[in-house]
Structures are given as C-alpha cells and as structure tokens.
Amino acid sequence: MYRISEIKPLNNFILSCRFSDGVLKTIDLKPILNKEAFLPLRDENNFKKVVNKNYFVEWLGLDIDISADTLWHWGV
C-alpha cells in the first residue's frame, strides 16, 4: 500500500505526487474528468483544492477522493 508524502496541483489538470518511498510521479487527470463523479474537478479552482490524506487525496468541499495506490498506477 502506497502513501503520499506530498501532492501539488499543476496546470492542465495534472498532479505532482511524491510518495513515501521518495518516488515522484505526475498524474494526468484529464482522462477521468468527463466521468460524472469527477465533473466538479473540471473547474480549475476546485482542482487546486486537493488535500493530502496520506493514503488518498481528496478535494475540499467535494465528495471526491482518489487512493494513493490508484495515483501510483496512473502516474508516470
């Protein structure tokens, strides 16, 4: 199980994610932004409200989260 040590929203709906083992990955979330559950993240102001919860990230004021394991597998 992966843990997130740092998360940072970048331009163009990309997250920069450093994991507890020191690996840094970027995750492009554009492919999921057309799914109903993630539609609020299409607003860049909402997207930038990402919060690190160690085993997942969530967005303030929204009922949206993504696990660290998922981010690891989606990242490059």
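Visitor: Which residue in β3 is the bridge partner of Cys 17?
Guide: Lys 25 is the bridge partner of Cys 17. This is a predicted model, in which local features need pLDDT of at least 70, side-chain atom pairs count only at pLDDT 80 or more, and totals for chains, interfaces and linings use all residues.

Visitor: How many bridges join β2 to β3?
Guide: Five bridges join β2, residues 14-19, to β3, and the two strands run antiparallel. Strands are DSSP runs of E with at least two residues, helices are runs of H or I with at least four, and both are numbered from the N terminus. Two strands count as paired if DSSP finds at least two bridges between them.

Visitor: And what sits between those two strands in the hairpin?
Guide: Four residues lie between β2 and β3 in the hairpin, where Gly 22 has a positive phi near 95°.

Visitor: In what order do the strands of the open sheet come?
Guide: The order is β1-β2-β3, three strands with antiparallel pairing. On average, neighbouring strands here are turned by 20° against each other, direction ignored. For that angle, axes are lines fitted to C-alpha atoms (for helices, over the stretch in contact), and angles run from 0 to 180 degrees between N-to-C directions.

Visitor: Which residues of β3 are on the covered face?
Guide: Lys 25 and Ile 27 are on the covered face, while Leu 24, Thr 26 and Asp 28 are on the uncovered one.

Visitor: What does Ser 16 touch?
Guide: Not counting residues up to four places away in sequence, Ser 16 touches Glu 6, Ile 7, Lys 8, Leu 10, Leu 24 and Lys 25. Contact means heavy atoms within 4.5 Å.

Visitor: New topic. How many salt bridges are there?
Guide: The count is two. A salt bridge here is a side-chain nitrogen of Lys or Arg within 4 Å of a carboxyl oxygen of Asp or Glu. One joins Asp 28 and Lys 30 at 2.9 Å, N to O, and another joins Lys 53 and Glu 58 at 3.7 Å, N to O. Asp 28 is partly exposed at 36% relative accessibility, as Lys 30 is at 33%. Lys 53 is partly exposed at 37%, and Glu 58 is partly exposed at 25%.

Visitor: What does β5 pair with?
Guide: Three bridges join β5 to β4, residues 50-52, in an antiparallel run. β5 also pairs with β6 over three bridges, again antiparallel, and Glu 58 has Asp 65 as its bridge partner in β6. The β5 and β6 hairpin has five residues between its strands, and Gly 61 has a positive phi near 75°.

Visitor: Which residues touch the most other members of the largest nonpolar core?
Guide: Ile 4, Leu 15, Leu 29, Val 57, Trp 59, Ile 66 and Leu 71 do, out of 21 residues in that core. β1, β2, β5 and α2 are the elements that give two or more residues to this core. A nonpolar core is a set of buried Ala, Val, Leu, Ile, Met, Phe, Trp, Tyr and Cys residues joined through side-chain atoms within 4.5 Å.

Visitor: What does Ile 66 touch?
Guide: Leaving out residues up to four places away in sequence, Ile 66 touches Leu 29, Ile 32, Phe 38, Phe 56, Val 57, Trp 59, Leu 71 and Trp 74.

Visitor: Last one. Is Asp 63 buried or exposed?
Guide: Asp 63 is exposed, at 80% relative accessibility. Asp 63 is in the loop between β5 and β6.

Note on methods: Residues are numbered from 1 along each chain as its sequence is written. Side-chain values use heavy atoms; hydrogens and water are left out. Buried means under 20% relative accessible area, exposed over 50%, partly exposed in between (1.4 Å probe, protein chains only).
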